[in-house]
Structure formats: C-alpha cells, structure tokens
Amino acid sequence: MANRLSVIATRTGDDGTTGLGDGSRVAKNSLRIAALGDVDELNSAVGVLLTHALPPEVSADLLTIQHDLFDMGAELCIPGHVALSDEQVSHLDGRLAHYNRVLPPLREFVLPGGSPGAAHAHMARTICRRAERSLIALADREFINYPIRRYINRLSDLMFVLARYINQQQECPDVLWLSRHSRQE
C-alpha cells in the first residue's frame with residue numbers, strides 16, 4: 001500500500017471546508033460530514049470497548065464491525081461509492097441471533113451499566129443511534145446505499161445485546177430500571 005496520507009496538517013480546511021474522497025470540497029458542517037463524524041466516533045467507541053477483557057468471539061465480532069464501519073465511512077467520503085453490502089448486514093443478523101440465544105428474556109427495561117465493558121457497549125449503542133439519525137437526515141437529501149441504513153440499525157441492536165451478553169459472561173447482573181413507584185417502596 002502506498003502512503004495514503006503523507007501530510008496530516010494541510011491547512012486546506014481553515015476556510016471551514018473539507019475534502020471528500022472524490023476531490024470535491026464541502027462545508028465541515030454539512031450533513032455528510034456530520035454523518036461521517038458520527039460513524040467515526042462510533043468506530044472509536046467500539047475501539048474503546050475492545051480495550052476491555054471480552055470473550056474472544058465478542059472481540060472478533062467487534063473487530064469485524066470496526067472494518068465494516070470504515071467501509072461505511074468510505075461510502076460517506078466518496079459519494080456514489082458502494083462498500084457496504086447486504087452480506088455484512090446478514091452477518092450482523094446472524095450474530096444477533098447467536099448472542100440472543102443464550103440471554104434470558106427481558107422482563108424490565110435495562111439501564112446502561114453493569115460491568116465496564118457492558119457500559120461501554122451501551123455507550124457505543126447510543127452513539128450508533130446518533131449516527132443512524134445523521135445518516136437518515138443525509139438520506140433525506142442525498143442518495144445513501146440502503147444497506148448502510150440496515151447495518152446501522154442492526155448494529156445498535158447488537159450493541160444492546162452485546163452489553164447484556166458481556167454482563168452475563170462476567171456474571172454481572174444487568175441494571176434494571178425500576179419505576180418511580182418501585183423505588184419509593
């Protein structure tokens with residue numbers, strides 16, 4: 001691989017614009033750049049989650065997700081480019097089914113927390129939901145490859161399930177929401 005970035009501080013963004021992968025320039029506050037930034041932040045949150053002692057299969061899945069999110073970023077950076085596929089969405093569906101299979105049914109709402117790894121999975125979930133809102137806002141104005149929408153929606157579900165799975169594997173109970181009435185008893 002050739003050097004992709006030889007200069008990091010180009011100063012070309014001092015005017016409030018940034019370059020896309022196709023050579024065009026857009027405002028740094030454009031919907032495309034907002035969505036790209038949210039996806040990048042999500043990828044960073046997954047990276048933080050990976051710093052925890054996790055079951056090996058969870059770590060492997062998270063690494064795959066990081067690569068998929070980078071593919072998503074490539075699509076956002078290069079308008080018209082397609083990098084994320086239906087197969088990647090199907091893979092997430094399979095992993096959701098895999099982890100859900102061993103979890104007890106939910107009878108209460110779950111609050112973010114439990115073990116540190118689960119708490120970070122919940123953080124990634126909330127960032128994922130924000131990224132999804134940014135992508136939908138962008139899709140209202142510009143074409144966005146449909147698998148991106150499906151992937152980001154499934155990923156937030158998977159992050160919730162992974163938080164519960166991580167807690168289960170670490171023998172740490174989920175933090176269950178109690179109604180105000182229940183808390184006052």
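Colleague: Is Asp61 buried or exposed?

Modeller: A residue counts as buried when its relative accessible area is under 20%. Asp61 has 9% relative accessibility, so Asp61 counts as buried. Keep in mind that this is a predicted model.

Colleague: Which side chain does Asp61 meet in a salt bridge?

Modeller: That of Arg95. The N to O distance is 2.8 Å. Arg95 lies in helix 3 and Asp61 in helix 2, so the pair links parts of the chain 34 residues apart.

Colleague: And what is the relative accessibility of Arg95?

Modeller: It is 18%, so Arg95 counts as buried.

Colleague: With which other residue does Arg95 form a salt bridge?

Modeller: With Glu57. Here the closest N and O atoms are 3.3 Å apart. Glu57 counts as partly exposed, because its relative accessibility is 28%.

Colleague: How many salt bridges does a search of the whole structure find?

Modeller: The search finds 10. One of them joins the side chains of Arg130 and Glu41, at 2.9 Å from N to O. Arg130 sits in helix 4 (residues 116-139) and Glu41 in helix 1 (residues 31-49). The two are 89 residues apart, so count this as a link between distant parts of the chain.

Colleague: What are the relative accessible areas of this pair?

Modeller: Arg130 has 28% and is partly exposed. Glu41 is partly exposed too, with 33%.

Colleague: Now the rings. How is a pair of aromatic rings described?

Modeller: By the distance of the centres and the angle of the planes. In this structure a whole-structure search finds 2 aromatic pairs. One of them is formed by Phe109 and Trp177. Their centres are 5.9 Å apart, with 75° between the planes. That makes the pair edge-to-face, because planes over 60 degrees apart count as such.

Colleague: Where do Phe109 and Trp177 lie?

Modeller: Both lie in loops. Phe109 is between helix 3 (86-100) and strand 3 (110-111). Trp177 is between strand 4 and helix 6 (180-184). The pair therefore ties together parts 68 residues apart in sequence.

Colleague: Which residues form a nonpolar patch on the surface?

Modeller: Phe109, Leu111, Val175 and Trp177. Together they have about 370 Å² of accessible area. Val175 lies in strand 4 (residues 175-176). Val175 is partly exposed, with a relative accessible area of 32%. A patch residue needs over 30%, so Val175 passes that cut-off.

Colleague: Let us step back. What does the secondary structure of the chain come to?

Modeller: It comes to 6 helices and 4 strands. Along the sequence the pattern reads β-β-α-α-α-β-α-α-β-α. The C-alpha trace spans about 60 × 40 × 30 Å along its principal axes.

Colleague: How do I read burial and contacts for the chain as a whole?

Modeller: Take burial as a share of residues: 38% of the 185 residues are buried. For contacts, look at sequence separation. Among contacts with a separation of 6 or more, 73% come from residues 24 or more positions apart.

Definitions and conventions. Residues are numbered from 1 along each chain as its sequence is written. This is a predicted model: local features need pLDDT of at least 70, side-chain atom pairs count only at pLDDT 80 or more; totals for chains, interfaces and linings use all residues. Side-chain values use heavy atoms; hydrogens and water are left out. Patches are made of residues with over 30% relative accessible area and no salt bridge: like charges are joined within 9 Å, nonpolar side chains (Val, Leu, Ile, Met, Phe, Trp, Tyr) within 5 Å. Accessible areas come from the Shrake-Rupley method with a 1.4 Å probe; for residues, only the protein chains shown count as cover. A salt bridge is a side-chain nitrogen of Lys or Arg within 4 Å of a carboxyl oxygen of Asp or Glu. Buried means under 20% relative accessible area, exposed over 50%, partly exposed in between (1.4 Å probe, protein chains only). Rings of Phe, Tyr and Trp (its six-membered ring) pair if their centres lie within 6.5 Å; planes under 30 degrees apart count as stacked, over 60 as edge-to-face and the rest as tilted. Contact means heavy atoms within 4.5 Å.
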